[in-house]
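Welcome, and please open the model in your viewer. We will go from selection to selection and look at what is there.

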Amino acid sequence: MNRRVAAPGRVNLIGEHTDYTGGLVMPMAIDRSTRITFHRGSDRVHLASVDEPGVVDLPLAPADPAAVQPSWGRYVAAVVAEMAPHDGLRGHVSTDIPIGAGLSSSAALEVATALALGFRGTAVELAQLCRRAEHRATGVPTGIMDQLVIAAGVRGHALMIDCHTLDYTPVPIPREAQIVVQFIAHRTLEGSPYTERVAQCAAAEAAIGPLRLATPELAAAIADPLVRSRAVHVTTENRRVLSFADALRAGDLTAAGALMVDSHRSLRDLYECSTPAMDAAVDELCATPGVYGARMTGGGFGGCVVALAEPGALTTGWVVSAVDGAHRA
Ligand code: ADP
Ligand code: MG
């Protein structure tokens, strides 16, 4: 009998490059998803994809997930290796999340694969397993944000996630707000300066202790100018997430939009992970009547920008709404 699982993509509203130092983030799961239709019972994992070439055919204990071909099979193999399931599956994957655009189609694939393989546990446990799988598949030391919001999203809400405790709090998105995503350029975090940023945050923590506990004033006293800039971004961004949650709860979209713009400037100038095309898109969005604010979203160096706007203010881009997390369908 055919079974189905679905895992949404995500967009981060604010709290960028804070997850891997245990800070605060505020993403939402979006109404685009990756689905796997399958049946269980074989002693292999056999998956085709509507969206990517090749067929993935794996034993239940794949030896080296990062080396699997076709390359999208790395994500599947890493989840299989983490789960060590008793039996396999045969089926196919399809998605309407744009792939490689920064809306986390990779994490959606991981979470959908884990559910299809019969994962049992909490959303946090599911996210932790899939995060380990992403590391195993790509070698990029990404944070927990993507997998957790994909596992635990709540319809109509963004999730404020404390990436240290892994506590998450749904924050209602005001009905009169529209969230619009514009795709700017394909990117991959493999080979990007993402890993270098993670190392710079570790250098900041060696100087002043955990960034999640540090004030912007403490960060501003770091001697090395580059490490200082990165740390000032992270410490101010954590505060912006709290202020953004307050603004959403108060229905103050003007304040929420201004915080998004502040976040973008900090990512552009201090964290240096934006691009000229993303900066231009944010400027254009912010100059559009009815737009409260906009920023780059995701790891940067390409990907998407996200805007908070009055309904109908923007005619280009994807209007996204907040949906529940991954589920068996
Ligand atoms: P993002 O997660 O932002 O979309 P990534 O580069 O992290 O971008 O992940 C994209 C990769 O995930 C693809 O190159 C592919 O290997 C894999 N992937 C995502 N969705 C699918 C799918 N539906 N079928 C096959 N592979 C997929
Ligand atoms: Mg990804």
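How far apart do the C-alpha centres of domain 1 and domain 2 lie? They lie 23 Å apart. To see this, colour residues 3-170 as domain 1 and 173-320 as domain 2; such bounds come from an automatic or database domain assignment.

Before going on, a word on conventions: this is a predicted model, in which local features need pLDDT of at least 70 and side-chain atom pairs count only at pLDDT 80 or more, while totals for chains, interfaces and linings use all residues. Residues are numbered from 1 along each chain as its sequence is written, chains are lettered from A and ligands numbered from 1 in the order in which they are written, and side-chain values use heavy atoms, with hydrogens and water left out.

**Stop 1: between the domains**

A salt bridge here is a side-chain nitrogen of Lys or Arg within 4 Å of a carboxyl oxygen of Asp or Glu. Between the two domains the count is 1 salt bridge.

Next, colour by element (helices, H or I, of at least four residues and strands, E, of at least two are DSSP runs, numbered from the N terminus).

**Stop 2: a link along the chain**

Stay with strand E2 and pick Arg 40. Its side chain meets that of Asp 87 in a salt bridge (2.7 Å, N to O). Asp 87 sits in the loop between H1 and strand E5 (89-95), 47 residues from Arg 40. The structure holds 11 salt bridges.

**Stop 3: helix H7**

Finally, select residues 225-250, the 26 residues of H7. At 1.5 Å a residue (times one less than the number of residues), H7 should span 38 Å, and its end C-alpha atoms are 37 Å apart, which agrees. At the N-terminal end, Asp 224 is the cap: a side-chain oxygen lies 3.0 Å from the backbone nitrogen of Leu 226. After H7 comes Gly 251, with a positive phi near 70 degrees.

Definitions and conventions:
A polar contact is a pair of N or O atoms within 3.5 Å; within protein, one must be able to donate a hydrogen and the other to accept it, and residues adjacent in sequence count only if both atoms are side-chain atoms.
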